[in-house]
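Hi everyone, thanks for coming. I'd like to walk you through a structure that may be new to you, so please have it open as we go.

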Number of protein chains: 2
Amino acid sequence: MLKRNPLFLTMLVTTAAIMLTIAPAMAQTDPLPSWNDSAPKKAIVAFVEKVTKDGSPDFVPVAERIATFDNDGTLWAEQPMYFQFLFALDRVKALAPQHPEWKDQGPFASLLKGDLKAALAGGEKAMLEIVMTTHAGMTTDEFERIVKDWLATAKHPKTKRPYTEMVYQPMLELIAYLRANGFKTFIVSGGGIEFMRPWTEKVYGIPPEQVVGSSIKTKFELRDGKYVLVRLAEINFIDDKTGKPVGIQQHIGRRPIMAFGNSDGDQQMLEWTQGGTGTRLMTLVHHDDAVREFAYGSESKIGTFSDALRTEATKNGWTVISMKNDWKRIFSWE
Amino acid sequence: MLKRNPLFLTMLVTTAAIMLTIAPAMAQTDPLPSWNDSAPKKAIVAFVEKVTKDGSPDFVPVAERIATFDNDGTLWAEQPMYFQFLFALDRVKALAPQHPEWKDQGPFASLLKGDLKAALAGGEKAMLEIVMTTHAGMTTDEFERIVKDWLATAKHPKTKRPYTEMVYQPMLELIAYLRANGFKTFIVSGGGIEFMRPWTEKVYGIPPEQVVGSSIKTKFELRDGKYVLVRLAEINFIDDKTGKPVGIQQHIGRRPIMAFGNSDGDQQMLEWTQGGTGTRLMTLVHHDDAVREFAYGSESKIGTFSDALRTEATKNGWTVISMKNDWKRIFSWE
């Protein structure tokens with residue numbers, strides 16, 4: 001039968017040759033080369049092996065292999081300030097020529113003078129005003145374009161790298177490793193869902209439909225002869241703290257079996273994950289590397305890792321990753 | 001090299017034999033056997049072929065092959081009444097012993113006497129009261145169990161079949177055909193998201209994370225020592241009419257390239273789909289087969305297919321499926 005098609009036979013022989021050559025090499029390749037061989041890596045690999053091993057008492061079918069990741073401080077950096085807020089500040093500057101009234105108005109006047117502290121003195125109200133002014137009023141397509149254009153040129157204030165290079169190499173490897181093992185990976189972030197979607201597929205391999213985040217309301221309308229969704233200056237959903245389990249259920253409709261976070265905002269996501277039946281893995285990234293990244297914890301307003309969270313982690317058997325001790329490399333360009 | 005492993009060689013030869021045998025058979029198999037060879041089938045097949053053909057000017061990458069389906073009246077039947085409302089009525093009866101006060105109270109008293117017309121005389125307010133009473137108060141896990149238990153025993157009033165057998169065989173074939181061509185298929189329904197998720201994977205092969213629907217709010221809390229999401233008697237989102245594009249954007253984050261509906265509630269989903277760049281296919285199912293299913297249109301309160309929708313369809317070049325003329329078979333058990 002093989003003789004019927006010489007091309008087909010050649011293909012088979014070639015395939016066989018390739019398989020025989022690469023199989024042993026693959027078995028030896030470490031899927032997490034940027035991780036030290038310390039407890040977190042061991043816990044992750046042991047977990048993945050037991051839930052993917054057919055016949056194991058902990059086996060989980062592919063469809064139920066859901067892993068959720070916070071974004072700010074878990075997949076990419078969040079200091080000296082959430083990147084989305086730095087985006088909003090840049091937008092205020094870019095839009096200022098069209099808004100002469102800002103020169104004398106609330107947080108904008110201070111911002112444009114470069115006095116961030118005064119701009120934020122108005123607390124949550126001032127922040128919300130800055131965010132809504134820069135995130136609403138345009139269509140969803142226009143906002144996507146604005147985010148992409150900003151990312152193409154903006155640089156992180158400390159490293160001078162594009163923000164999309166401020167992602168953690170060990171987490172990129174982890175996402176790829178999970179995906180190779182049949183997991184569906186989701187972002188579940190307090191950040192804006194439409195701020196993340198334009199780049200998560202390219203950077204993390206996570207498509208827009210697997211991004212859960214905070215959102216503002218939108219309105220379907222006919223504008224200039226085209227049907228569009230216009231972004232309104234009204235909160236729709238805050239995907240933080242108790243909002244994370246709510247967002248996971250709304251969006252995914254099943255409990256994750258693995259969840260990764262880094263701050264108090266992630267506690268409820270980890271509790272919800274742990275509350276399901278069967279084996280689960282809950283993990284927190286701790287920022288304790290002032291040399292290679294940033295060191296902050298209970299005292300930080302951004303990405304707070306409180307003592308209470310530490311106590312919860314210990315009590316519940318959650319894995320805590322020390323960036324300093326457990327990661328060989330933090331950024332790909334190191 | 002092949003001689004190194006006799007088992008491996010045997011496997012290759014077997015694989016080759018299987019491939020040579022089935023390849024021609026596969027090429028001849030009609031993926032849509034329950035469709036007549038009329039215009040809708042031709043339009044669907046032509047569309048799929050051009051968007052999946054590498055090098056075609058209409059080629060669409062796999063990641064962007066998003067198809068959305070309304071559920072009630074598009075994937076499964078919706079007469080004599082939305083099945084979810086029949087579920088609510090059954091729940092009122094099941095819960096009545098725990099609610100002696102219902103004997104004298106609003107829509108419940110009429111319902112329990114079997115007088116549906118009187119129960120619904122209160123209009124939207126009465127319906128909402130019935131829905132909230134039967135859909136809220138329990139945890140998401142408990143509600144899932146209730147829906148599954150109901151589906152296991154409840155029967156359609158006319159056909160006496162389980163509701164999950166009231167699905168349209170041509171649409172099951174279509175979903176499978178699209179999936180085989182790299183499409184991701186989503187439900188975008190006015191029905192309750194958590195009413196659909198317990199069975200869509202088994203019945204349609206559509207997992208919970210690909211179901212978009214109407215929802216009530218939920219609250220994360222600790223109940224009897226377990227973290228749960230409690231369903232609240234408060235509307236969160238209505239996924240109908242202009243809500244459909246909003247729901248699609250919130251949940252999927254990209255425009256579909258194909259959309260299927262059957263009623264006025266789907267018009268905006270089709271408009272939103274059509275508004276994207278590149279080629280698109282918008283389709284409406286029309287219920288015109290009183291013998292094999294039901295015949296209804298502009299006069300029906302359930303699944304209204306108004307004259308205005310018909311006009312829009314014609315104007316915009318949308319495909320309209322006549323169940324009577326375009327489908328060989330409607331249900332799998334015919």
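Let me start with a word we'll need: a residue counts as buried when its relative accessible area is under 20%, with a 1.4 Å probe and protein chains only. Please also keep in mind that what you're looking at is a predicted model.

With that word in hand, let's go to chain B and find helix 10, residues 243-251. How many of its nine residues are buried? Eight of them are, which leaves this helix mostly covered. Here is the list of buried residues in helix 10 of chain B: B:Gly243, B:Lys244, B:Pro245, B:Val246, B:Gly247, B:Ile248, B:Gln249 and B:His251. Just after this helix, look for B:Gly253, which takes a positive phi of about 80°.

Now to the sheet. Chain B has an open sheet of seven strands, in the order 4-3-2-1-5-6-7, and the pairing is mixed. Which strands stand at the edges? They are strand 4 (226-237) and strand 7 (319-322) of chain B; each has a single partner strand, so one side of each is left without a neighbour in the sheet. From one strand to the next, the twist averages 30°.

Let's step inside the sheet, to strand 6 of chain B, residues 281-286. Six of its six residues are buried, so the strand is largely enclosed by the rest of the structure. In a regular strand, side chains alternate between the two faces of the sheet. Here, B:Leu281, B:Thr283 and B:Val285 point one way, while B:Met282, B:Leu284 and B:His286 point the other way, and all are buried. Strand 5 of chain B, residues 258-261, runs parallel to strand 6 and is joined to it by four bridges. In one of these pairings, B:Gly261 has B:Leu284 as its bridge partner.

Elsewhere in the sheet, three bridges join strand 2 (residues 184-192) and strand 3 (residues 211-223) of chain B, again running parallel. There, B:Gly192 is partnered with B:Ser214. And lying across strands 1, 2, 5 and 6 of chain B is helix 8, residues 169-180, running at about 165° to strand 1.

Finally, over to chain A, for a pair of helices. The axes of helix 2 (residues 39-52) and helix 8 (residues 169-180) of chain A come within 11 Å and cross at roughly 15°. That makes the two helices of chain A roughly parallel. Which residues meet there? A:Ile44, A:Val45 and A:Val48 from helix 2 meet A:Leu174, A:Tyr177 and A:Leu178 from helix 8. The contact residues divide into six nonpolar, no polar and no charged.

Key
Residues are numbered from 1 along each chain as its sequence is written. Chains are lettered from A and ligands numbered from 1 in the order in which they are written. This is a predicted model: local features need pLDDT of at least 70, side-chain atom pairs count only at pLDDT 80 or more; totals for chains, interfaces and linings use all residues. Side-chain values use heavy atoms; hydrogens and water are left out. Axes are lines fitted to C-alpha atoms, for helices over the stretch in contact, and angles run from 0 to 180 degrees between N-to-C directions. Angles under 35 degrees count as roughly parallel, over 145 as roughly antiparallel, 65 to 115 as roughly perpendicular and the rest as oblique. Contact means heavy atoms within 4.5 Å. Ala, Val, Leu, Ile, Met, Phe, Trp, Tyr, Cys and Pro count as nonpolar, Asp, Glu, Lys and Arg as charged, and the others, Gly among them, as polar. Buried means under 20% relative accessible area, exposed over 50%, partly exposed in between (1.4 Å probe, protein chains only). Two strands pair if DSSP finds at least two bridges between them.
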